[in-house]
Amino acid sequence: MWQAQRARLGEDFRVLRYDLPGHGGSPTGALRDPSPGATTVDDLADAVLALVDDVTGGEEPSAFRCAGISLGGAVGARLALRHPRRVAALALVCSSARFGAEGPWRERAELVRREGMAPLRETSPGRWFADPATARTPVGRALLDDLAAVDPAGYAACCDALAGYDVRAELPAVQTPTLVIGGTHDLATPLGHARELAGLVPGAVLRTVGCGHLAVEAPDAVERALASFLAGGQAVARRMSMLP
């Protein structure tokens with residue numbers, strides 16, 4: 001999802017991208033407990049923080065900027081709430097303070113544990129993309145192929161994490177400078193979710209982009225918003241941007 005922005009952001013920042021457990025190069029075994037119903041967003045945030053410390057070689061804990069799409073944004077929000085001195089800037093892209101009712105996420109987790117990723121490979125274009133035709137582009141095909149290759153146990157664990165996620169009452173305590181980017185064609189987390197995030201986080205800046213849920217239809221607009229926001233925090237010492 002961040003491929004289009006990597007080169008430009010890499011000119012100014014040391015960039016670390018990571019895969020969620022069970023996705024891409026990240027094994028499901030990275031989870032504290034992958035059993036059904038056990039995974040929380042806090043578990044994912046703990047894994048990210050451990051990764052940062054590992055990559056920085058055990059040096060004095062460094063502050064970093066964190067940008068995340070969807071569940072990645074939720075991970076960033078939990079990091080900012082639990083470790084405010086570590087997160088120097090936070091960007092929440094097509095994300096939410098609560099991703100809907102718990103039941104449907106539990107049901108999706110059960111579905112993929114039972115039937116694998118094939119059912120989601122068929123239904124995801126309508127949720128992910130502003131235009132279903134994006135699924136036939138190189139970027140769209142790559143994202144859907146990646147989805148098909150996900151370990152069902154890892155994907156289900158992430159569904160469990162989303163099922164229990166609700167930070168609406170906690171977001172007013174965020175101390176980190178925050179950018180919220182909402183997609184005007186996002187069906188999974190419609191623009192109202194972005195407006196709610198921006199209204200709950202003190203001082204948050206809201207930007208809207210003409211894109212769907214994964215923000216791939218408008219990479220330049222997302223890059224400009226991120227680059228401008230992240231560069232504004234240069235006066236505070238930090239060493240890394242996280243792109244979950």
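**Close-up 1. The second largest pocket of the predicted model.** The second largest pocket holds about 190 Å³ of space, where a pocket is, on a 1 Å grid over the protein atoms alone, an open set of points where a 1.4 Å probe fits, with protein on both sides within 12 Å along at least five of seven lines. Grid points are joined across faces, edges and corners, and a volume is the space filled by probe spheres set on the points. Residues are numbered from 1 along each chain as its sequence is written, and side-chain values use heavy atoms, with hydrogens and water left out.

**Close-up 2. The largest pocket.** About 1,200 Å³ of space lies in the largest pocket, and of the 45 residues that line this pocket, Met-1, His-23, Trp-128, Leu-143 and Leu-214 lie nearest its centre. Helix H6 (138-148) is among the elements that give two or more residues to the lining, and H6 gives the most, with 5 residues.

Close-up 3. A search of the whole structure finds 1 cavity of 30 Å³ or more, a cavity being a set of points where the probe fits but cannot get out. The largest cavity has a volume of about 40 Å³, and its lining includes Met-1, Trp-2, Leu-214 and Ala-215. Ala-215 sits in the loop between strand E5 (205-209) and helix H9 (219-231), and its phi is near 60 degrees, a positive value in a residue other than glycine. With a relative accessible area of 6%, Ala-215 is buried, a word that means under 20% relative accessible area with a 1.4 Å probe and protein chains only.

**Close-up 4. Ser-70 between a strand and a helix.** Ser-70 lies in the loop between strand E2 (64-69) and helix H3 (71-82), and the phi of Ser-70 is likewise positive, near 60 degrees. Ser-70 counts as buried because its relative accessibility is 13%.

Note on methods
Predicted model: local features only at pLDDT ≥ 70, side-chain atom pairs only at ≥ 80, totals over all residues. Helix = DSSP H or I, 4+ residues; strand = E, 2+ residues; numbered from the N terminus. Buried < 20%, exposed > 50% of the residue type's maximum accessible area, 1.4 Å probe, protein only. 1 Å grid on protein atoms, 1.4 Å probe; cavity = no way out; pocket = protein on both sides within 12 Å on 5 of 7 lines; lining within 4 Å.
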